[in-house]
Amino acid sequence: MTDDSGSDDTSSVATSTSKDASDAMERVSSGIYDLIGIKGKASDSRPGVMDCPGKDTKKYFRIFHPWSFYPASASDLDEAMGRLKTELPKHGWKITEYGPDTSKNQNINLTADNDEQKVGVDIVQMAKNDPSKLSFTVVSGCYQVPDGESVERF
């Protein structure tokens with residue numbers, strides 16, 4: 001989830017193929033999108049496969065899904081982030097970090113974990129971008145491929 005320290009205790013999810021895990025990650029991202037509740041448009045990006053720290057790269061993998069949300073009006077950006085801060089905990093997410101980053105733009109960052117789904121999300125409010133947006137990176141815990149299969153990378 002949000003532990004990238006390279007330790008062996010990265011959350012294990014279940015046994016799955018890369019494709020099925022990718023489909024599950026898209027459903028998680030869609031659920032987060034639904035919580036925004038503001039008119040706008042999401043980018044059309046697909047999940048990818050990454051390694052699990054300290055685990056055999058032929059058997060274990062994580063899924064990451066980067067995407068962005070562009071509100072219909074830049075003035076809706078604060079409301080969208082506020083809704084996520086309020087709504088995520090109501091849907092099983094625990095906010096582990098919230099506040100401005102150290103960049104010159106002082107982007108607001110929200111990091112949350114969903115222990116039940118074994119997923120973490122990092123959200124960055126990029127108000128000074130043109131166009132302004134929320135940038136999401138959703139990352140799963142570790143999956144193990146079924147016996148006799150290998151990790152499919154995409």
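I began with lysine 118, which lies in the loop between E6 and E7. I noted that this is a predicted model. The phi angle of lysine 118 is near 55°, a positive value in a residue other than glycine. I looked up its accessibility too: lysine 118 is partly exposed at 30%.

I then turned to glutamine 106, where phi is also positive, near 55°, and the residue is again not glycine. I found glutamine 106 in the loop between strand E5 (94-100) and strand E6 (108-114). Its relative accessibility is 43%, which counts as partly exposed.

Next I looked up a peptide bond. Aspartate 130 and proline 131 are joined by a cis peptide bond, with omega about 5°. I placed proline 131 in the loop between strand E7 (119-126) and strand E8 (133-140).

I went on to the salt bridges. Side chains of opposite charge can pair when their charged atoms come close. The count for this model is four salt bridges.

Entry on lysine 19. I found a salt bridge between lysine 19 and aspartate 23, with 3.2 Å between the closest N and O atoms. Both residues sit in helix H1 (residues 18-36); because they are four residues apart there, about one helical turn separates them. I read a relative accessible area of 49% for lysine 19, so this residue is partly exposed. Exposed would require over 50%. Aspartate 23 is partly exposed as well, at 25% relative accessibility.

Entry on arginine 46. I found the side chain of arginine 46 in a salt bridge with that of glutamate 26, at 2.7 Å from N to O. This pair links distant parts of the chain, 20 residues apart. I placed arginine 46 in the loop between strand E2 (40-42) and strand E3 (48-50), and glutamate 26 in helix H1. Arginine 46 has a relative accessible area of 56% and is therefore exposed. For glutamate 26 I noted 26% relative accessibility, which counts as partly exposed.

Entry on aspartate 51. I found a salt bridge from aspartate 51 to arginine 153, the closest N and O atoms being 3.0 Å apart. I looked up both accessibilities. Aspartate 51 is partly exposed, with a relative accessible area of 36%. Arginine 153 is partly exposed, with a relative accessible area of 41%.

Note on methods. Residues numbered from 1 in each chain as written. Predicted model: local features only at pLDDT ≥ 70, side-chain atom pairs only at ≥ 80, totals over all residues. Heavy atoms only, no water. Helix = DSSP H or I, 4+ residues; strand = E, 2+ residues; numbered from the N terminus. Buried < 20%, exposed > 50% of the residue type's maximum accessible area, 1.4 Å probe, protein only.
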